[in-house]
Amino acid sequence: MRIFYILFIACMAMQMSYAQQLEGRIADARTREALPGVSINLIEAGKGCTSNAQGRYVLSVPAGNDSLKISYVGYITLKIPASAAAQTPVIYLEASSTNLNEIIVSSSREKQYRTEAPVAISTISPQTLQETKATTLDKVLNKVSGVYMVDLGNEQHTMAIRQPIGYKSLFLYLEDGIPIRTVGDFNHNALIEINMAALRNIEVIRGPASSMYGSEAVGGAVNFITAVPTLVPTAKVQLEASNWGYKRTDFSVSDTKGKAGFFVGGYYADQHNGYMDHSDFHKLALTARTDIQLNEKNKWTTAATLVNYKTDQTGGLDSAHFFAKDYRNFQTFSYREVKALRIRSTLDHEWDSRNHTSVTAFFRHTTIGQNPFYAIKDVRNTLKARGEINSDAFYSYGIIAQHKKDFDWKSASLIAGVSADYSPATYNANYIDIDKDAAGYYVGYRLTDSVLTNYRVGLLNTAAYTQFAFMPLANMRIVAALRYDRMDYDFNNHLPPSAFTGAPSERNNFNALTPKLGLTYNLQHNRGLYANYSKGFAPPNISELYRGVKVPVLKSANYNNYEAGGWFGFAQNKGYVDVSVYLMKGSNEIVSVRTADGSYENQNAGATTHRGIEWNARYTPLRSVFIRTSGTYASHIFDAYTESGKTYDHNAMNGAPKWITNTELTWKPSLLRGFRIGGEWQHISGYYMDAANTAWYNGYDLFNIRAGYQWKGFDCWLNCMNAGDRLYATTAEKSAYGKSYRVGPRQTFNFGVAYTFTGKR
């Protein structure tokens, strides 16, 4: 009996010593999403746990006044008394503004630390997206070093990443790792189809990413990652307007109950009576997503995005109109209309701690109808011109399967995947007869029965890829990747082949083997180096290859890229710098050439050299002050290039500014919590307007000012873009047709208010 009594007392003492069991969840303070893998440790007891896939943690706490230390990569470490944690079902972590080692997914299609990826990659955080209040994506993407996204009006754009400003399919635009448009169809304006109201963050890979994503990922890959369901009920509504007739309404609703969560969000934007005439547009974008944690090993994610967009098209101005600030549009009837639907469904399965498989099925349907200004061709010595109304459409049915396996040996891991995408596409173009007045304005057109183009292409993209990584030394990690792509075109021309109707019906294919080899070396103390060799390729897309030619003549463009860089924390981790240098050699590069009648055609450039240095630095000298600067210094040269019988070897490529920089200073005074004000300076240096290097554009400097105030769930802001009302051109070109300047937006004030409801559970 005495022994039983002693054992009973001992058990009671043990139970009292661990009398409290903490149970709660960890979430992001800004996005309200669950954070898995967060470390929760008892400071005095020296024990802890990690949060699961739903952000949940369970921890036995001994009696006493112990405290929790909650830490997660990329977030500010939080210390909280255990007694307070017991009364807080959801603990929110704040993301660090000078993140030294953020988690990324784009480099290997799997979650990994930035320091493990031997690539030049940057992340646009949820905080940047929410505080910038961008009405177009260029306002956030231009904050990334080495990136210059050109605003062509009403969310239309062109891109320059390790390339001159142009209209080539050298950048792969992804949504959750899946190309927004099918590879091989024209993707230049694919970002029209992005739902900005449903973005969580953006990751930008600079340089070829073909070893993981295939063709067109040459200059870089931009991965738009959609918002995930919130851990607690949230609802948001946002209204904004500008002094140039721009109006926009955003909304979102999200929640998680048990194992299932959902997000629905979108926006409607409308533009009337802008600074240029004939520049109206409207856009409706909606996204719905569900995340279901079926069990501890299986997660099922489904997302769908719908976009309905139509805009007037504004072309360039000649020198006289541009410098006279005459903003009348030469085109009075041109337009672009886009309707897009994307659906993807992903099943993630954790076999065990070392094996993970994901399978994604996706469907896409896009139609692009337009009366394009760039297809207008003057009939010399008359007040007539030729043009067209065309429609490009495709369906896509695809699947991506990937498996990752971790090994004990040298911390090695192997990723292997396959993908297939069948995309039947159609293209139709009808001739229109255009009238022109004596001042040079295109004032109207007449439909005709003349069909210029009518074809169908069965496009099949298949690929297999693998990546192996290991650590031969304690601080060194080596990554080797290889991908094989094959693109099959089954072209059926429904018209007799000619220089107008297109090439004869045929089957064609392009294939490429793209390797990558890289390494990272950890110098400790939040410092490291990386180097890599990668190869990229870009086959001609459907319209480049078959439209308006008698015989297909374009070849795949190929690029060999060599780069090195590093990241460095300083000032006790208050500052962060990453730097990269690169050399990229291109062959058969496809460039867009403006012909004597004003139209554009694509040609293989022969050989080109691209070299440069990119940098990004962030520093918080005071808790209330944030400084960021990013930019690139680059040189883009024609090694061998002939245009219209003239040779331009060793000339600078046109549309290639040497300096592109973006600098920002933000102040968040501690005495007025929730207030923010910042200034931004965008610098674009001068560049040649033509391949002959006979015309020069001086570039420009823009200054933007942003101010906002958050109080509880309310948010209001006032942004002044182009604060000095500077006259500038987003693109400047010279051809036999003359000089053309695309006018950049004038001084614009955007005012908005928003309210976010956050529930408790």
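Author: Here is a walk through the aromatic pairs, with two of them taken in detail. The model is predicted: local features need pLDDT of at least 70, side-chain atom pairs count only at pLDDT 80 or more, and totals for chains, interfaces and linings use all residues. Residues are numbered from 1 along each chain as its sequence is written, and side-chain values use heavy atoms, with hydrogens and water left out.

Start with the rule. Rings of Phe, Tyr and Trp (its six-membered ring) pair if their centres lie within 6.5 Å; planes under 30 degrees apart count as stacked, over 60 as edge-to-face and the rest as tilted. The count comes to 33 aromatic pairs.

Take Tyr688 and Trp696. Their ring centres are 4.9 Å apart and their planes stand at 80°, so this pair is edge-to-face.

Now Phe714 and Tyr755. Here the centres lie 4.6 Å apart and the planes meet at 50°, so the pair is tilted. It links distant parts of the chain, 41 residues apart: Phe714 sits in strand E44 (residues 714-721) and Tyr755 in strand E47 (residues 748-758). Strands (E, at least two residues) are DSSP runs, numbered from the N terminus. Phe714 is partly exposed at 46% relative accessibility. Tyr755 is partly exposed at 34%.

Rings can also join in a group. Ring pairs link Tyr427, Tyr455, Tyr489, Phe491, Phe510 and Tyr546 into a cluster.

How values were computed
Helices (H or I, at least four residues) and strands (E, at least two) are DSSP runs, numbered from the N terminus. Buried means under 20% relative accessible area, exposed over 50%, partly exposed in between (1.4 Å probe, protein chains only).
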